[in-house]
Amino acid sequence: MNVIEVEKKKKKLFSIGQQYNDNALAIHFVNLPNLKNKFIYYQVDDIEHEIPLVDDLFIVSRPLTLHSGEVKAQIITRDDNNSVVELTKNFTMRIQ
């Protein structure tokens, strides 16, 4: 499995792989705050997705693997009132 490490303070744009690659691709976000319930939030084709991170890892899967182009994303968490807390600024993932 291919793993990309992303330091969110340094990168605002990165490529996440081939659209039809059979291998799973994981993105490891390094130096995130040590909080529970972190999610990656993004929109594809006007549909919002909020996918939980596991040990600061995001496994790229559908619908991203069916998409080609750039996708804006952000790492978030939720507080006790279920309000969104932004852990990173917006960044762009380029799907080739």
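Q: Of the 96 residues of the chain, what percentage count as buried?

A: A residue is called buried when its relative accessible area is under 20%, exposed when it is over 50%, and partly exposed in between, using a 1.4 Å probe and protein chains only. In this chain of 96 residues, 38% count as buried. Please keep in mind that this is a predicted model, in which local features need pLDDT of at least 70 and side-chain atom pairs count only at pLDDT 80 or more, while totals for chains, interfaces and linings use all residues. Residues are numbered from 1 along each chain as its sequence is written, and side-chain values use heavy atoms, with hydrogens and water left out.

Q: How many helices and strands does the chain have?

A: Helices (H or I, at least four residues) and strands (E, at least two) are DSSP runs, numbered from the N terminus. Here the secondary structure comes to zero helices and nine strands, so that reading from the N terminus the elements run β-β-β-β-β-β-β-β-β.

Q: Which residues have the most contacts inside the largest nonpolar core?

A: In soluble globular proteins, nonpolar side chains tend to be buried together. A nonpolar core is defined as a set of buried Ala, Val, Leu, Ile, Met, Phe, Trp, Tyr and Cys residues joined through side-chain atoms within 4.5 Å. The largest one in this model has 20 residues, and Phe29, Ile40, Phe58, Leu64 and Met93 are those with the most contacts inside it. Strands β3, β4, β6, β7 and β9 each supply at least two residues of this core. If we take Leu64 and leave aside its neighbours within four places in sequence, its contacts (heavy atoms within 4.5 Å) include Ile16, Phe58, Val71 and Met93.

Q: How many salt bridges are there, by the rule used here?

A: A salt bridge is a side-chain nitrogen of Lys or Arg within 4 Å of a carboxyl oxygen of Asp or Glu, and by this rule the count comes to three. One of them joins Lys38 and Asp56, whose closest N and O atoms are 2.6 Å apart. Because Lys38 lies in the loop between β3 (25-30) and β4 (39-44), and Asp56 in the loop between β5 (47-52) and β6 (57-60), the pair ties together parts that are 18 residues apart in sequence. Lys38 counts as buried at 8% relative accessibility, and Asp56 is buried as well, with a relative accessible area of 15%.

Q: Where in the chain do Arg78 and Glu50 lie?

A: The side chains of Arg78 and Glu50 meet in a salt bridge at 2.8 Å, N to O. Arg78 belongs to strand β7 (residues 69-78) and Glu50 to strand β5, so the pair links distant parts of the chain, 28 residues apart. Arg78 is partly exposed at 28% relative accessibility, and Glu50 is partly exposed at 31%.

Q: Is Gln74 buried or exposed?

A: Gln74, which lies in strand β7, is buried, with a relative accessible area of 9%. A polar atom of its side chain lies 2.8 Å from the backbone oxygen of Thr88. Leaving aside neighbours within four places in sequence, the residues in contact with Gln74 include Phe39, Tyr41, Glu86, Thr88 and Phe91.

Q: What percentage of the accessible surface belongs to carbon and sulfur atoms?

A: Accessible areas come from the Shrake-Rupley method with a 1.4 Å probe, and for residues only the protein chains shown count as cover. The accessible surface of this chain comes to about 6400 Å², of which 45% belongs to carbon and sulfur atoms.

Notes:
A polar contact is a pair of N or O atoms within 3.5 Å; within protein, one must be able to donate a hydrogen and the other to accept it, and residues adjacent in sequence count only if both atoms are side-chain atoms.
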